[in-house]
Amino acid sequence: MDGPTRAATRLDRAWEALAQHRDRVSPLHLRDLFAGDPDRFQRFSLSHEDLLFDFSKQRVTTETMALLHELARAADVAGWTDRMFSGERVNGSEGRAAFHVALRSRSTAPMRIDGRDVMADVREVLDRVRAFADRVRAGEYVGATGKPIRGIVNIGIGGSDRGPAMADQALAKWRHPGLQLRHVSNVDGADIGRALAGLDPETTLVIVASKTFTTQETMTNAATARAWLVGKLGEAAVARHFVAVSTAREAVAAFGIRPENTFGFWDWVGGRYSLWSAIGLPLMIGIGPEAFDRLLDGAHAVDRHFRDGPLDTNIPVAMALVGIWNTNFLGARSHAILPYDHRLRRFPAYLQQLEMESNGKGVDRDGRPVRHATAPVVFGEPGTNGQHALMQLFHQGPDPVPADFIAAVEPDHELSGHHEILLANMLAQTQALAIGQDEAEARDAMIKAGADRATAERLAPHRTFPGNRPSSSFLFKQLDPYTLGRLIALYEHKVFVQGTIWGVNSFDQWGVELGKTLAKKVLPELSLDALPAEGQDASTAGLIAHIKRTRVSPSAWIGPSGSPAP
Ligand code: F6P
């Protein structure tokens, strides 16, 4: 038997063993698992310094974890990890490395791609970004009329927006008090309109962040910001008020941005893994280079934990494996991210791109259909807001929604009473999900509260909580740049491990391309002068026609046939 066949057979056996195990353990209820094992919390929680990952409320046993570890071994997670950390071209469909770990390497060891150490380039750009951020923060970088910059508008989308926007909110406490930072991503004019409103072009710096410098939304917003600036300060001001973060130097120069205001990165940095690169410029201007360094330190600490730690104490591996268990064996198709921390309110959106763009794939690395479900739908809300919206379904809906709860033990504000309530709610939610409340308990609770027996009987089914719903909890001392770096890196590596086990390439994103191409075809067809759309399906042609008809009769409601409604 050759190597790949032997590996495939071992992988098949590992999947099969887990499927058989699932049939044996799925009747077990978390309530009984906790009752039968006083050490369950110790057994199923891991830590990295002050960060605790508790997965004891996942529906796993010691045997489940052992079988999942065998699955990870059979999928050669360790080998793929080595390949990623060694700068191999693990992004096969684009022929690129995925070397974001080099961006936050704090070690003196070389990080090579094709035998060439990239660390000199990484440090050179980081030093330039640092120096630039320092000058803006100190008021030394001035605009065309000699005034210091006070407003920064970052224009980007996807990975060129979500990281800086999320981290800027999360680390607002570190933000320079004299600077306003705004993030624009949507091509909806309302977004750039909001971002520029109230800013003075003389004191505004626009960062155009785009790896490719071709993304329609970003280039449209950048052109609008440029016109806004030129309208007041003239063409010559562009060079002082615009900077770019991109890999496409020529396109940046054609836009009128000077080489000294251009901060590069490399094709081996994927968009959703780029916060650590010059894409972090707006964040670094906001929080300062020292705090940004702590973010990198945190990510690097997790890189070491992930790369060097044994499988069974490895947090990203455990996160990935319980996710695989839920998705592929317990049938969950979604995954909720619930930060009990208002500062992390964009974290679910950040992880949405990280997980869904990375692992939402239907073919494996070799282009064959995948045999298992891949990335779940990721969504979330900060606690406690989510409790008043999503969580009804989590507790009583027919399908389980595994959830990650995330919180800092200590707040960064003085309202400690609020924080106690916040934490109490988080723990209570995880408990209610896991343990639930059976019908007899529901009935007894109502009777104890004064209800008559008939009412209690009638309402008991509505007030029953099945429980046995999986969740994990993350607790850390404080949310600071170091811990945010750790959290992001934990999820990055989780996604990588899952992608490896599913056999997909986690670093390409071909699924976003078709819509982009079709939008270019639809765009001219929306013009009133355009002939009726040809080659469009009936729905799209009908929608185009409806938009055009509505435009010529803005005040009248038009029926679907094109005639005015009676
Ligand atoms: O959504 C597709 C995507 O290519 C993302 O992967 C990327 O983060 C985003 O668009 C923005 O791309 P760019 O930085 O090239 O403008």
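A salt bridge is taken here as a side-chain nitrogen of Lys or Arg within 4 Å of a carboxyl oxygen of Asp or Glu. The views below show a predicted model, in which local features need pLDDT of at least 70 and side-chain atom pairs count only at pLDDT 80 or more, whereas totals for chains, interfaces and linings use all residues. Residues are numbered from 1 along each chain as its sequence is written, and side-chain values use heavy atoms, with hydrogens and water left out.

**Figure 1. Salt bridge between glutamate 70 and arginine 73 within helix H4.** The side chains of these two residues meet with an N to O distance of 3.6 Å. Glutamate 70 and arginine 73 are separated by about one helical turn because they stand 3 residues apart in helix H4, residues 62-74. Helices (H or I, at least four residues) and strands (E, at least two) are DSSP runs, numbered from the N terminus. Glutamate 70 is partly exposed at 23% relative accessibility, and arginine 73 is also partly exposed, at 44%. Here buried means under 20% relative accessible area, exposed means over 50%, and partly exposed lies in between (1.4 Å probe, protein chains only). Side chains of opposite charge can pair when their charged atoms come close.

**Figure 2. Salt bridge between aspartate 293 and arginine 106, and the network around this pair.** The N to O distance between the two side chains is 3.3 Å. Aspartate 293 is buried, with 18% relative accessibility, whereas arginine 106 is partly exposed at 34%. Both residues take part in a network of salt bridges that also includes Asp127, Arg130, Arg294 and Asp297.

**Figure 3. Salt bridge between arginine 226 and glutamate 235.** The closest N and O atoms of the pair are 2.8 Å apart. Glutamate 235 has a relative accessible area of 47% and is therefore classed as partly exposed. Over the whole structure, the search finds 42 salt bridges.

Figure 4. Oxygen atoms of the ligand lie 2.6 Å from a polar side-chain atom of serine 210, 2.7 Å from a polar backbone atom of lysine 211 and 3.3 Å from a polar side-chain atom of glutamine 353. Taken alone, the ligand exposes 390 Å², and the protein buries 87% of that. Accessible areas come from the Shrake-Rupley method with a 1.4 Å probe; for residues, only the protein chains shown count as cover.

**Figure 5. Backbone of phenylalanine 213 and aspartate 114, two residues with positive phi.** Phenylalanine 213, although not a glycine, has phi near 60 degrees. The residue lies in the loop between strand S7 (204-209) and helix H10 (216-233), and phenylalanine 213 is buried, with a relative accessible area of 5%. Aspartate 114, likewise not a glycine, has a positive phi of about 50 degrees. Aspartate 114 occupies the loop between S3 and strand S4 (116-117) and is exposed, at 61% relative accessibility.

**Figure 6. Cis peptide bond between glycine 383 and threonine 384.** Omega of this bond is about 5 degrees. Threonine 384 is placed in the loop between strand S11 (377-380) and helix H17 (391-396).

**Figure 7. Asparagine 314 in the loop between H14 and helix H15 (315-329).** A polar atom of the asparagine 314 side chain lies 3.0 Å from the backbone oxygen of phenylalanine 306. For such a polar contact, a pair of N or O atoms must lie within 3.5 Å; within protein, one must be able to donate a hydrogen and the other to accept it, and residues adjacent in sequence count only if both atoms are side-chain atoms. Asparagine 314 is buried, with a relative accessible area of 1%.

**Figure 8. Serine 506 in the loop between helix H21 (481-502) and helix H22 (513-525).** Serine 506 is buried, at a relative accessible area of 3%. From C-alpha to C-alpha, serine 506 and proline 110 are 24 Å apart in space, and the two residues are 396 residues apart in sequence.
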